[in-house]
Amino acid sequence: MPVTGANLLCYINFGPLGEYVSGGAWASVQGSVVNGSNNDGFLAEHDGEQRESYVAFVADRVHEVRQRIEHSRQRSAWGQSVTLVAVTKTHNSSAVEAAWQAGVVDVGENKVQEAEEKMDAVSVPVRWHLIGHLQRNKARSAVRFDLVHSIDSERLAKAVNDAAVGVERLQDVLIQVNVSGEETKGGFSMNDVSAFAARLHVFRNLRVVGAMTMAPFDATEAELRTIFGGARRVRDELAKEGHPASELSMGMSGDFEIAVEEGATLVRLGTVLFGNRAST
């Protein structure tokens, strides 16, 4: 998947996150937009200082995060390019537009329905990523996404392949692997990946471009490195099996710097860019 220069730039340090502005117009923006209310169309409905403050706030966070990604990439032994995927889960479509204005062209969503509502609401040409669990009965919607991160079973792979066949599309996907073994996490076990990698070739309309994993929120640094290293090995196994597997999706707001050091090419960041999400 192509990575443009806009996705990986080293920016000057804008200071600690959240220190952009305080009080004034920004105080009214924080409660309604950045903290995740479903106040759809905020940017369209508000002009002047509120709109400019929110856009500038997101831009400053994007700039600083990109710098942190670049510093981590320089510490990495893998020499990879890194794409920032802005996760707009529970934020309204204004977050997508603000991210785009900040130069972010990749946007991630956890749920199909929420993603489709935003796809229909925005006009900016972002690349859409489905990063959450996909139910088989919604597999037809997968073809609306540029990349599906969460192929976590053979039955789901078949369902997405069938949907892609129906629209004559070659669908890019990642194989989700549960390296940590957590029962609450989806994905293939490490032991199952090798056999599944070979069977994936029967799904002619899927292009397996890499692997995805999630780490426990309370993992130590050593545990994170073990988990991310395991996902890297899965990606390499997929490549050895003949898949064009070059991507490694791992790392969220709390652990993305370690993920980049361990070879991540896609980092999925929401809170660190947009502020706290609304409860769901």
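**Exercise 1. The nonpolar core.** Which residues have the most contacts inside the largest nonpolar core, and how many residues does this core have?

*Solution.* The model is predicted: local features need pLDDT of at least 70, side-chain atom pairs count only at pLDDT 80 or more, and totals for chains, interfaces and linings use all residues. Residues are numbered from 1 along each chain as its sequence is written, and side-chain values use heavy atoms, with hydrogens and water left out.

Step 1. A nonpolar core is a set of buried Ala, Val, Leu, Ile, Met, Phe, Trp, Tyr and Cys residues joined through side-chain atoms within 4.5 Å. Buried means under 20% relative accessible area, exposed over 50%, and partly exposed in between (1.4 Å probe, protein chains only).

Step 2. The largest such core has 69 residues, and those with the most contacts inside it are Leu 84, Leu 238, Val 267 and Leu 273. Helix H3 (residues 49–75) gives the most to this core, namely seven residues. Helices here are DSSP runs of H or I with at least four residues, numbered from the N terminus.

Step 3. A contact means heavy atoms within 4.5 Å. Leaving aside neighbours within four places in sequence, the partners of Val 267 include Ile 69, Leu 84, Met 250 and Phe 256.

**Exercise 2. The largest pocket.** State the volume of the largest pocket and describe its lining.

*Solution.* Step 1. On a 1 Å grid over the protein atoms alone, a pocket is an open set of points with protein on both sides within 12 Å along at least five of seven lines; lining residues have an atom within 4 Å of a point. Grid points are joined across faces, edges and corners, and a volume is the space filled by probe spheres set on the points.

Step 1. The volume of the largest pocket is about 610 Å³. Its lining consists of 30 residues, and Asn 110, Met 214, Phe 217, Met 252 and Arg 268 lie nearest its centre.

Step 2. By class, this lining has twelve nonpolar, twelve polar and six charged residues. Ala, Val, Leu, Ile, Met, Phe, Trp, Tyr, Cys and Pro count as nonpolar, Asp, Glu, Lys and Arg as charged, and the others, Gly among them, as polar.

**Exercise 3. Trp 100.** Is Trp 100 buried, partly exposed or exposed?

*Solution.* Step 1. Trp 100 belongs to helix H4 (residues 93–101).

Step 1. Trp 100 has a relative accessible area of 29%, and is therefore partly exposed.

Step 2. Not counting residues up to four places away in sequence, Trp 100 touches Val 105, Val 124, Pro 125 and Val 126.

Notes: Helices (H or I, at least four residues) and strands (E, at least two) are DSSP runs, numbered from the N terminus. On a 1 Å grid over the protein atoms alone, a cavity is a set of points where a 1.4 Å probe fits but cannot get out, and a pocket is an open set with protein on both sides within 12 Å along at least five of seven lines; lining residues have an atom within 4 Å of a point.
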